[in-house]
Amino acid sequence: MKEPAKKLVELCGNAPFIIAIDDCVELNLGRISMEPQEDISLPALHRMVKAGEEDNIWYIYMDTNSGVQYTLPRRGERASSSRLRDAFSPLPPFPYFAFDVMAGNAQKPSTPHGALNLAYLKHFGRPVSVFILHTSRVLTKEIVQYWSTLRAEDVLPAAKLKLIGTESFNHGKTEQVFAILSSRLLLELGITDAANRLAMTAVSGHMRILTGVTSAEEIMNTCSPSEPMLAIAAASLLVASPSSYKAAINLLVKELILKGLVLECGRQGELLARILLMMARDFAILPDSETEARSFVSANHVTTVTLDKFLTTLLGNELGLKQQSPAKTTRDGLLEWAKNHKLNFTHFLQVNDNIHELTPEFLEYCWNRGIALTCAYNQPLFDILIVTYHGDLTQIERSKFGLLVIQVKLRIEAADRGL
């Protein structure tokens, strides 16, 4: 095998010769059979790499599965015939992904209401998984690669299928709950083997993005990017059944957070604050009557929430204030003022740097994408920002964009369960 390797290098004039191995994780599935195998095995690939280790040949291991790191050749003193010598060391995995590739084709909405349209929001995020769309019964038989190529009425069913891989949400299945809540809550995984396995499943299912690998501990760093359609699909699945919603949150806390798979991140409990804010936003759209429709999306538009309904859902009808004046006067005035303010956030976005200025254009961008901001850990004064709009959503006036400013504080003692 060394002779063919040398000939390859000579043909390239001693310039680097690059060989890419796609879908390499498939070689590490450990299939055992007594029958002759037509496909290549991982040890056989490693022997090929070792045969050319003295020549100027570069091998690129490619896959959408983060388990690619486990397919790399090993090295050591007591190496097998397929292991590299100490002088040769595989480079750590390099993550690459296409993001918002079709956003430039989206026509900017002329009104705040236009930004709620799925026909606009479908342009953001990563390309859709070809396999998911090809197997979806709600779509045509064509293989489609981008959200923007789908009809508005087909986007939400495809996004739901992409999230959970099935047509019905199982609130008792850890992978489904994690996929749904990660797309909205900025869940951060811990440093455990179980968390690593959860990350591998999420990355291979295109639910999270691999941002890097710590070579020494083989710990994967992943994140959930801002993808409006996945967040909207997640919200729609949760809101469809309030009982399933509560069961999913219960699983998140008991099976993921308390067991260390998901970090209870934030010095002041910002993750728990995001959970409360998300639930208040979602439950605020639920009707008072059981006969009314319950939907996060109506007529292919995201359902907005008035600020007064959001506050009473979060804090109770009294907003935690006393019944007597002047507290009652203050509360009634605040709720009356808040009736004309609307919010539309579907998921949270982490801000890495301190915020010193917020322009109306940036607030419009946040509204259009449906994001609430989680501030940097050393941000003074506030921790979470939610964009609001005052007035008629069919008319745009940038001065009417506003902010709900939230500061998160941990209690010295736990609150009563009835709070």
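Leu186 sits in the loop between helix 6 and helix 7. The model is a predicted one. Leu186 has a phi near 60 degrees, a positive value in a residue other than glycine. Its relative accessible area is 18%, so Leu186 counts as buried.

Is Leu381 buried or exposed? Leu381 is exposed, because its relative accessible area is 71% and the exposed class begins over 50%.

**Overall make-up**

The protein has 13 helices and twelve strands. Of its 419 residues, 44% are buried. Among contacts with a separation of 6 or more, 66% join residues 24 or more positions apart.

**Helix 9 and its surroundings**

Helix 9 covers residues 242-257, which is 16 residues. From first C-alpha to last it reaches 21 Å, close to the 22 Å expected at 1.5 Å a residue. Its buried residues are Pro242, Ser244, Tyr245, Ala248, Ile249, Leu251, Leu252, Leu256 and Ile257. What covers them includes helix 6 (174-185), helix 7 (193-204), helix 8 and helix 10 (270-283).

Asn250 also lies in helix 9. Its relative accessibility is 38%, so Asn250 counts as partly exposed. Gly172 is 78 residues away from Asn250 in sequence, yet their C-alpha atoms are 9.6 Å apart in space.

Helix 10 holds Asp282. How is this aspartate placed, buried or exposed? Asp282 is buried, with a relative accessible area of 1%. Leaving aside neighbours within four places in sequence, Asp282 contacts Arg184, Val239, Tyr245 and Phe296. Tyr245 is also one of the buried residues of helix 9.

**Helix 5 against helix 8**

The axes of helix 5 (residues 152-164) and helix 8 (residues 228-239) come within 8 Å and cross at roughly 85 degrees. That angle makes helix 5 roughly perpendicular to helix 8. Helix 5 contributes Val155, Leu156, Ala159, Lys160, Lys162, Leu163 and Ile164 to the contact. Helix 8 meets them with Met229, Leu230, Ile232, Ala233, Ala234, Ser236 and Leu237. By class, the residues of this contact are eleven nonpolar, one polar and two charged.

Helix 12 (residues 327-338) has twelve residues. Its reach from first C-alpha to last is 16 Å, close to the 16 Å expected at 1.5 Å a residue. Ala327, Arg331, Leu335 and Ala338 are buried in helix 12. Why do they share a side of helix 12? They cover an arc of only 65 degrees around the axis, which puts them on the same side. An α-helix has 3.6 residues a turn, so residues three or four places apart point the same way. The cover over the buried residues of helix 12 includes helix 11 (307-315) and strand 8 (341-343).

The axes of helix 11 and helix 12 come within 7 Å and cross at roughly 130 degrees. Helix 11 is therefore oblique to helix 12. Leu307, Asp308 and Thr312 of helix 11 make the contact with Leu335, Trp337 and Ala338 of helix 12. The residues of this contact divide into four nonpolar, one polar and one charged. Leu335 and Ala338 are also among the buried residues of helix 12.

| Helix pair | Axes come within | Crossing angle |
|---|---|---|
| Helix 5 and helix 8 | 8 Å | roughly 85 degrees |
| Helix 11 and helix 12 | 7 Å | roughly 130 degrees |

**Leu404 in strand 12**

Leu404 lies in strand 12 (residues 401-406). At 18% relative accessibility, it counts as buried. Which residues does Leu404 touch, not counting those up to four places away in sequence? They are Leu307, Phe310, Ile384, Leu385, Ile386 and Thr388. Of these, Leu307 also takes part in the contact of helix 11 with helix 12. Ile384 is 20 residues from Leu404 in sequence, and the two C-alpha atoms are 8.3 Å apart.

Key
Residues numbered from 1 in each chain as written. Predicted model: local features only at pLDDT ≥ 70, side-chain atom pairs only at ≥ 80, totals over all residues. Heavy atoms only, no water. Helix = DSSP H or I, 4+ residues; strand = E, 2+ residues; numbered from the N terminus. Expected span 1.5 Å × (residues − 1). Buried < 20%, exposed > 50% of the residue type's maximum accessible area, 1.4 Å probe, protein only. Arc of directions from axis to C-beta. Contact = heavy atoms within 4.5 Å. Axes fitted to C-alpha atoms, helices over the stretch in contact; angles between N-to-C directions. Parallel < 35°, antiparallel > 145°, perpendicular 65-115°, else oblique. Nonpolar A, V, L, I, M, F, W, Y, C, P; charged D, E, K, R; others polar.
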